[in-house]
Every structure is written in C-alpha cells, then in structure tokens.
Amino acid sequence: MDEFILAGRQFNSRLILGSGKYPLPMMKEVVAAGEPDIVTLAVRRVNAGGAENILDHIPSGKTLLPNTSGARNAREALTIARLARELGCGDLIKIEVITDNKYLMPDNEETLEAVKLLVKDGFAALPYMNPDLVMARKMAEAGAAAVMPLGAPIGSNKGLTTAELIALIIEEIEVPVIIDAGLGRPSQACEAMEMGADAVMLNTAVATAADPPAMAKAFALAVKAGREAFLAGLGRVCQGEASSPLTGFLG
Amino acid sequence: MVEAALKKNRRDLHDLGILLSPAAAAYLEDMASEVRRETLRFFGRNIGLYTPLYVANYCVNECVYCGYNRSNQIRRGRLTEGEIEDEARAIAATGLTDILLLTGESRAQSGVKYIGRATEILARHFKSVGLEVYPLKTEEYQYLQNLGADFVSVYQETYDPLLYNKVHLSGPKKNYAWRFNAQERALEAGFRGVAFGALLGLGDLRRDTLASGAHAWLISKKFPLAEIAFSTPRLRPCPNKEKTSCQVGETELTQIILALKLFMPWAGLSLSTRERAWYRDNMIGLGVTRLSAGVKTAVGGHSGDDKGDEQFHKSDSRDVQEVCRAIIERGFQPVFNDYVRL
C-alpha cells in the first residue's frame, strides 16, 4: 500500500494545491477537480471576519497548509505561524522566508532558523527552500516534517530546472520531499513524481490556466501517473522489504 | 528593436527606453499581450483595493501644478484625532483593510508627531498603512514605521532638474536630492516597500518614466527585499490653472504603464481615480495590481462633510462594492488583505 505520510498524518493525494492568484469562487471547483487533500494559503490573505476572506473559499474537509509568505526573517515566520494557529489553521506550516522580491528566492539561512523556532513552538514545519543538500540535511535534523525544494522560481512555470539538485535531496534525505514552485505543466509534475518526490505543490500553473479546474484535474492525473511509474521502476527500495533482495538467498 | 526587447525574458533599462519610444507605440497590442501574461504569472488575477485619506492640506510649498500650492486660495483643513478616528471607522466599514495616508507639506500643521498620531489611529483599523507625505528624515520614517506604517510613496514629479527647479517656486520641496533619496531613507528605516513615479505631462513623459524606472531599479538593487511599485499620475486640471507642457492621452499613458511592467514585471502598479472608470476597468489584467475605491480626495469626507478642498479632481467616484463588481466581472479577484503587520 503506497502511503503518503506527512507529519504523522496519512494523505491520499500527493498533489498539494495553492489558493493564491485565483478568483476565489473558483477554488471550490478547482479543489473538486484536482482532489488534493492539502491546500495551502498565505496567512496574509486571510481576512477573518472581512470581505473576500480566502478561508471562506477553501472547502471543508481539506487539511490547511498555511504559509508564512511576507516573512523576511525567521522571527517573522514564527509570528505569522502563530497567527495562523490563532486563526484556526492548524499546526502544519509551510515556512516561506523570502528576501528577494524579484525572483522570490527563499532565504535558506533564515528558513533553517525558522525551522528551529517553529519546531520548538510545537509546529510541524515544512520549509520551502532552495535545493541544497547540505541545507536540507540541516533542516531535517532540526526537525522539519518535510523539505520543499523549489523546481524553479515561483510563478515562472519553468519546470524542474533544479532537477539534479533535487535528485540528491530525494536520495539522501529521510523526511518527505515535496517539490514546490515552478512547475508549469502536468508533464513536469509527472516527472517530479517519477524522480521519487513524495508530493508536489503548485499554484500558478493551475490558477493562470484558461480552465483552472480542468488543469487541476490534469495535474492530479499526472501526479498519479508519475508516482505509479516511480513505484513500478527501479526506484529506491521501499521500507519493509529485505535489504538484500539479490543476495539475501545466502542467508 | 522593439520586437527584440519584447522577446526577452529579462529586460533592462535600455529595453525600457526602447519600449517607451514613439516607435514602440505601434506595438501596443504585443506589449499588452506580454504584460498580460507576465502579470498573471506574478500576480495571478489579484487586484488589491485601497483608498486614500487626506488628513490635512496645509502646504508651505509653491508648486505651479498643484492644488495645494500655498498661493492658492483654497479651503484649508486638518482633521482632528477624533475626526481621523471617524474617517477610519467609516472607511473600514466598507471592507477596506489597506489605507493611504496623505498630507500637504507643513511641519507646523501636519508635522511628524501629527502624522504619527494619524498612523497609530489608522493602524488600529487597517492592516496596511501607506504614507504619501513630504520626504522625511530616516529617524522620522523609523518613528512612523514603529507606529504601524509599512509603505512609502514619494513622486519626483519630474526628474529633469532644471524643470524641477522651475515648477517648484519656493518651499522645502525645491530640494531635488532630498526628495529623490526619500525611498532610500524609508527602506533604511525598515519600510517593506516604496513607490515611484513622475507627474506625467509636467516634463517629458518618456524621459521622466525612464528616469523613474532607473530610480526604482537602483533602489531595488540596493534593497532586494523591498517591494517596488509604480504610480502613473497624469497632470490634470487643478485650481491653479497653469499651462502644462504636453497633454498626455490615454494611449500614451497605456504605453507608459505597459513599458514599466515589461521592465519590472514584479513591481506593483496602482491606477488612481484621476483616471476614469472605463479606462481603469480596461486596464485590469494589463499590469494594474491595485485600484483605489470609495475615494474622496478632499480632506476627510468619508464620515461627514469634508474639511478642506481636494488636491485633484477625481474621475472615478465608484464605491468599494462597485469597483469589486467591475473587477469580478472581468474575471479577476478583489483582494482586501495582502499583508500581515509584523
């Protein structure tokens, strides 16, 4: 049974969808079509009690993954995470600390600090990061529930420009690896899953498609196909199987 | 040359110049197409909403183009703290969470402490407080940032120093460099973003836009963290009735906007109510990221009678609901809240 376990919870879908950049009323259709179990949202878009509150448009029954976009350092990420918790968005937090407004590159250093702060404060921290094996290792050691390396700059739809570096992380890091940002086409999401990623996250590619719900469905299919291909192929040995399937006969 | 500039992924100042040139006017549709694509990528379908609040229109400057010119016989007014509170409540009731605070330049009537009190009051009612006031010292920006302001807009009016000197007859605004360096001081003081712009029609439209692009570019290199925004205010009739150097039509304005967005697609762009509803609506999706709504350009005026005359005459008097409807009708999403005060 192929289980996607994240922060001690089990999920069916390995597609995580964002909620920014959309006309909000469309969220319901998109989520119905793409069937993600997890939906991310920017805490800074929450307008509790106010007009056009993004929280009002995310269908119930989905796990919320608030992100700390807007935070420019670790301390601010913690503040936003706490705000998310106060707003009832749960303890699962995507850490997004960006110190570059042009390319929206995550600041790995501040993100690592944020992981430490958030873990200490009882959050399940998922750091969005620039693929760097050394950093990924440190984040995992600091208690991150997963790592989220970017495929390409946010919104660029350029696909897996960082494939080589992500491959290293998938290979070496024990926590789930969720490829986030830059995926523009379902084929790229499929490729990400074929590489052995545990899940993918995307927003712009769906939000800016001519028909977002249809595109969400296409991505969902692509993610399933990619995962099945990974399981069917010469991927890593799954946990629980014999560690020496070829020479195990020797006893 | 225009085609080459359009095809590029990342454009530089040289490309901005090309896109601002009269030759590029023939490529407006292609520019619009590219801007539409890039705006979707960077901003999705989001259009931020805000409104300005003029709290005082006393001014010591003599600027030939402005309604607040100290020589103009206009009704001068300044809101009391109670009145600012009333205004804030009235505006917040429309759903807006993002406000822009404006004053004329008068340290006597609307000094930093007064602006600070206004900021504090507004910060209680709104999630984002922008400032469009006279250029301040770094410590003063720091003071206001601590009280809850997060964005600073300062328009250079014209980047041509000779013309600048000519149109600013007297007052602290005569100091070109002091004004030019305001964004830098604000960012050093910790503001999250700054806005740039020239008063279109005052000087050479294209050169002033190129200069404002260069200004923003250099600041963003120095402060990669900063949010950058452009504004494109057109010189409109004001009580002063000064002659303008050139008339800027909507087609030229469009080229200005598209060129800036092609140059820095990650920068925000607001269209004020100087522009008419029809134009603003048609520009949704073509680079505009923020629209004002429920605007009163007089001093106060949201919670009762206004206290002072307006700086410019507005052409779009739609309220928040109406502007939201227009945005939604075009398939876009009105965004009230996009910032967490930290």
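Two residues are taken to be in contact if their C-beta atoms, placed from the backbone, lie within 7 Å. On that basis, 27 residues of chain A are in contact with 26 residues of chain B. Helices (H or I, at least four residues) and strands (E, at least two) are DSSP runs, numbered from the N terminus. Helix 2 (74-86) and helix 7 (204-207) of chain A are the elements that give two or more residues to the side of chain A that touches chain B. Helix 2 of chain A gives the most, with four residues. That side of chain A has eight nonpolar, eleven polar and eight charged residues; Ala, Val, Leu, Ile, Met, Phe, Trp, Tyr, Cys and Pro count as nonpolar, Asp, Glu, Lys and Arg as charged, and the others, Gly among them, as polar.

This is a predicted model: local features need pLDDT of at least 70, side-chain atom pairs count only at pLDDT 80 or more, and totals for chains, interfaces and linings use all residues. Residues are numbered from 1 along each chain as its sequence is written, while chains are lettered from A and ligands numbered from 1 in the order in which they are written.

Chain A has eight helices and ten strands. Its radius of gyration is 18 Å, close to the 18 Å that the globule rule gives for 251 residues, so chain A is as compact as a globular protein of that length. The radius is taken over C-alpha atoms, and the rule is 2.2 Å times the number of residues to the power 0.38. The C-alpha trace of chain A spans about 70 × 40 × 35 Å along its principal axes. A residue is buried if 20 or more other C-beta atoms, placed from the backbone, lie within 10 Å of its own, exposed if 12 or fewer, and partly exposed in between. Buried residues make up 51% of the 251 residues in chain A.

Helix 8 (residues 212-232) of chain A has 21 residues and should span 30 Å at 1.5 Å a residue; its end C-alpha atoms are 30 Å apart, which agrees. The expected span is 1.5 Å times one less than the number of residues. Among the buried residues of this helix are A:Met215, A:Phe219 and A:Arg227. Their cover includes helix 1 (27-34), helix 6 (186-194) and strand 10 (199-202) of chain A.

Two loop residues of chain A stand out by backbone angle. Most residues other than glycine have a negative phi. A:Glu35, in the loop between helix 1 and strand 4 (38-42) of chain A, has a positive phi of about 50°. A:Glu35 is partly exposed, with 15 other C-beta atoms within 10 Å. A:Asn157 has a positive phi of about 55° and is found in the loop between strand 8 (148-149) and helix 5 (163-172) of chain A.

In chain B, four of the five residues of strand 4 (residues 128-132) are buried, so strand 4 is largely enclosed by the rest of the structure. Strands pair if DSSP finds at least two bridges between them. Strand 3 (residues 98-103) of chain B pairs with strand 4 in the parallel sense over five bridges, with B:Asp98 opposite B:Ser128. The chain crosses between these two strands through helix 5 (residues 112-125) of chain B, and this β-α-β crossover is right-handed: with the strands pointing away from the viewer, the path from the first strand over the helix to the second runs clockwise. Strand 4 also pairs in the parallel sense with strand 5 (residues 151-153) of chain B, over two bridges.
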